Amino acid sequence: MAIRPPVGLPTMSKRAKRVLIALVSLAVLAILWFQFVGIYVDWLWFGEVGFGEVFTTQAVSRVSMFLVAGLATGGLLLLALVIAYRSRPVFVPTNDVDPLAPYRTIVTTRPKLFALGISGVVGLISGLSAQGDWEVVQLWLHGGDFGTVDPQFHNDVGFYVFTLPMIQLVLGWLFVILAMCFIAIAVVQYLFGGIRLSGPGRKITSQATLQLSLLVAGFVLLKAVQYWYDRYDLLFSNRGGTFTGASYTDINAVLPAKIILMCIAAICAVGFVVGAFTRSIKLPAIALALLVLSSVLIGGVWPLVLQQVVVNPNGINREPEFIARNIDATRTAYNIRDDQIKYVDYPGKLAGDPRDIISDQDTLPNARLLDPNVLSPTFTQQQQLRNFYGFPDQLAMDRYTVKGRTQDYVVAVRELNADGLNDAQKNWINEHMVFTHGDGFVAAPANTVADGYPAYTISDLSRQGDIPVDQPRTYYGQLTTDYAIVGADAGVAREYDTETSRYTYTGAGGVPLGSLFQRMVFATEYGEANFLFSGEINANSKILYNRDPIERVQKAAPFLTTDTKAYPAVVDGRIVWIVDAYTTATNYPYAQTVTLSDATNNSLAARGAAGQVNTQVSYIRNSVKATVDAYDGTVSLYANDEADPVLKAWEGVFPGLVKPKAEISKDLQAHLRYPQDLFEVQRSLLVRYHVDDPVDFFQSSGFWKVPNDPTVSDAVQAPQPPYYLQVKLPGSEAAKFELTSVLSGYQREFMSAYVAASSDPSDYGQLTVLRLPTATQTPGPTQVQQLFRTTQEVSSLVTLSTQQGGSRVIFGNLLTLPVNDGLLYVEPFYIQGQASSTSFPQLNRVLVWYAGRVGVGVTLTQALTAAAQSAPVPVAEGDAGTPLATGGTTLQPATTASPTTTAPPPADQAAALAAMNAAAQALDAAKASNDLGQIGAASQKLEDAVNAYLKLAGQSISGGATPTGTAPASVQSTAGG
């Protein structure tokens, strides 16, 4: 029988081979160079900040994982290929045309090359994939106990957080290795005839049967082991729908099914082994069918039937036991246990005199009028100084003691903003060697305004304000994200400092850039040839990079999740950035799973503020407080929760990286804040997990909700963010710096609770919840905002701003303060002039609600006085009125008395006409001033004068009749305008 000769590979000339080898070598060298540069630049940075052990520990861990996974996978695959090749049958073709012959010839000519090449590539890919799991291995090596056991299997929580992920990782890789070995043996046997799809006789040889059956037996045996550990995964189940953890169905159906399937899988594995040695495929086939069928029936159908027939119709009787476990575990995992929260029954009175608050020195001085989320344009226009300086879009809140008085301040650093350079200033030297740093610390008392603008206190190169700083130059910040090259030759200063002076950086930060090799490295890193050719770079030059404070903390401690809100503070005379950092875990049994990006979503994030990572967690602690020096970039990590088991594990991985809590200075402690992201996570859980009774929990009875922010446009439907305030809580002797939030009723807009987290060093971290009685219908933020919007003076200002064109009104943060057993709402009202790049918000009015009364004034005192003069405004759900933007709650429109005195009515029509003319002239003058506040007041006076005239004439403008006579020409022109 004739056999077709094998098709050979195309031949290449020696010259072509040399060219190909040279090109491939160059490509490999280029790839290796770029990889080296990335690693080397990171190594230099870690050396600069003094955290070289972080780099080396990560590198050793990754390399070890790469070698172990790569050698294990590649080695076992090579063994499988060798066994399959050596056990190949003597192939006798049965057809004239054999499509596999060319490939078989190629392999047989270079069997070692193919075996080593395939196993080497697979081992390389496996190693690269496995090295990313170094954190799992390190936590397994250094993890300990939590001191708490789960209620089902009675294992310590540390087993689930540290050990179980490692077991699952190993099992996963064993499955992958067995699967690849199975495929390799099947391909080799098929290529050499051990497995045939056609032709007479046996389709698979005994050797192929033995090898494949043993691999399947190993796979099924691993599945049996996996079934055992799958039991523990039930504690993270979401079958219950409303809670995380093993439900009634999981415990009574899925858990027994796992045990039964484990036994069946073990029996099937034995069947595969017996079939392998008896050279029979019937027994393995029967075992495989049994395993698949039992998995479907026992593992799938039976739990589904139990859930539908038993649990769903009787969940209120079946699930409470498991809901109680979830409540207890969630409270522990998120630090919201009853013994960690101070619950206070708060009356929420709706009666009281707003004038009593004026003399309350614990409330009035702490009601801030400056909104840090609105005033960035104001800070920029008034304190920018130069076009290449700037402020972040959201400013920060902190507290300082000035002249013996502690109060809230809106704070910011005047940072370098390279995006502000004009076209004439934009070149490589200016962007990276001249404009290198910011200048100064800018603060403004949050309760003080001057002509509607902040009353700044500034410490920079030219002055020292109430908050002095030793070094006002800032090289590290939220806006300074690009690299800078510092260091002068022969004492020639180059960096811009002021209009008349230049400066040379003298800090410890930066990586030396003087050598040619270093310049080549950074030229490659940034794709910039000027590193090589610029004569401005000298032996004293250093490069500053990774200058964002959050980025520096993330690189220095890669196991931490950072808060999205870094804020500046003056600590011991130096400007530092404070960054809160969290340790998290995903395997806390029965604890509710939370997605960080969802739990921390609020109206600020919806408007473009930085959001949290899209990661699910079931455990979180604010274990670390980090600082970044704004001048030299020094990163310091301090333990904040030294009892955290996750932090202890990482301290075992990186000894000495995190400093003990005792090393936090008194001045730094005075500026630590309760972190906003953690508070929002806890807030998102407290709306449900304040309920103790699992039956009530199942029925969603007594749940709260985080209200939407009513001060933003209807297009932005997102929760109200929490606010930092000086608040005096019931039982406290003085006001403290608290992070606060209100909670309304579930599917209702009335207030249900007020939550505060203390940032005061005396009781840092203390959570307090003021629970309002359900019988007292205290309006929530949405209802109060609707009252503000329907107030005559506010609605007039909003209308006039629309008519003027270009100007706009801005409702600031709606703040809530507990006072006199009731609640006080305070909201700043801003007006921004003609829309342009130079317009910025100005405080125009202050809006207040207290004890059912609404007041509007130029100052807080005036607003409270106006509220005292107004009539209480009823707020009720279900009444006719103006529909709210959120939900179906409606409000009765409110009318608020003006704080100014009312003029006496005119004696006759002539006096009324004179009053109309005077009011019209006043309105014309107000329009000329472009002051919307004056325009609104003048419009109101004109309307009152017209109504007074018509009343004397026997007509009413509200009645719809046309008045007799003709209004004065000035009134007509004003109305027409």
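## Basis of the model

Residues are numbered from 1 along each chain as its sequence is written. In this predicted model, local features need pLDDT of at least 70, side-chain atom pairs count only at pLDDT 80 or more, and totals for chains, interfaces and linings use all residues, while side-chain values use heavy atoms, without hydrogens and water.

## An open sheet

Four strands form an open sheet in the order β3-β4-β7-β10, with antiparallel pairing; strands (E, at least two residues) and helices (H or I, at least four) are DSSP runs numbered from the N terminus, and two strands pair if DSSP finds at least two bridges between them. At the edges lie β3 (396-402) and β10 (457-459), each pairing on one side only. From one strand to the next, the twist averages 35 degrees.

Seven bridges join β3 to β4 (residues 405-413) in the antiparallel sense. Within this pairing, T401 stands opposite T406 in β4.

## Two loop residues with positive phi

Most residues other than glycine have a negative phi. H154, however, has a positive phi of about 60 degrees; this residue lies in the loop between α5 (134-142) and α6 (157-191). H154 is exposed at 57% relative accessibility, where exposed means over 50%, buried under 20% and partly exposed in between (1.4 Å probe, protein chains only).

D451 also shows a positive phi, near 60 degrees. Its place is the loop between β8 (449-450) and β9 (453-454), and D451 is exposed, with a relative accessible area of 67%.

## A residue of helix α1

L32 belongs to helix α1 (residues 14-49). With a relative accessible area of 52%, L32 is exposed.

How values were computed:
Axes are lines fitted to C-alpha atoms, for helices over the stretch in contact, and angles run from 0 to 180 degrees between N-to-C directions.
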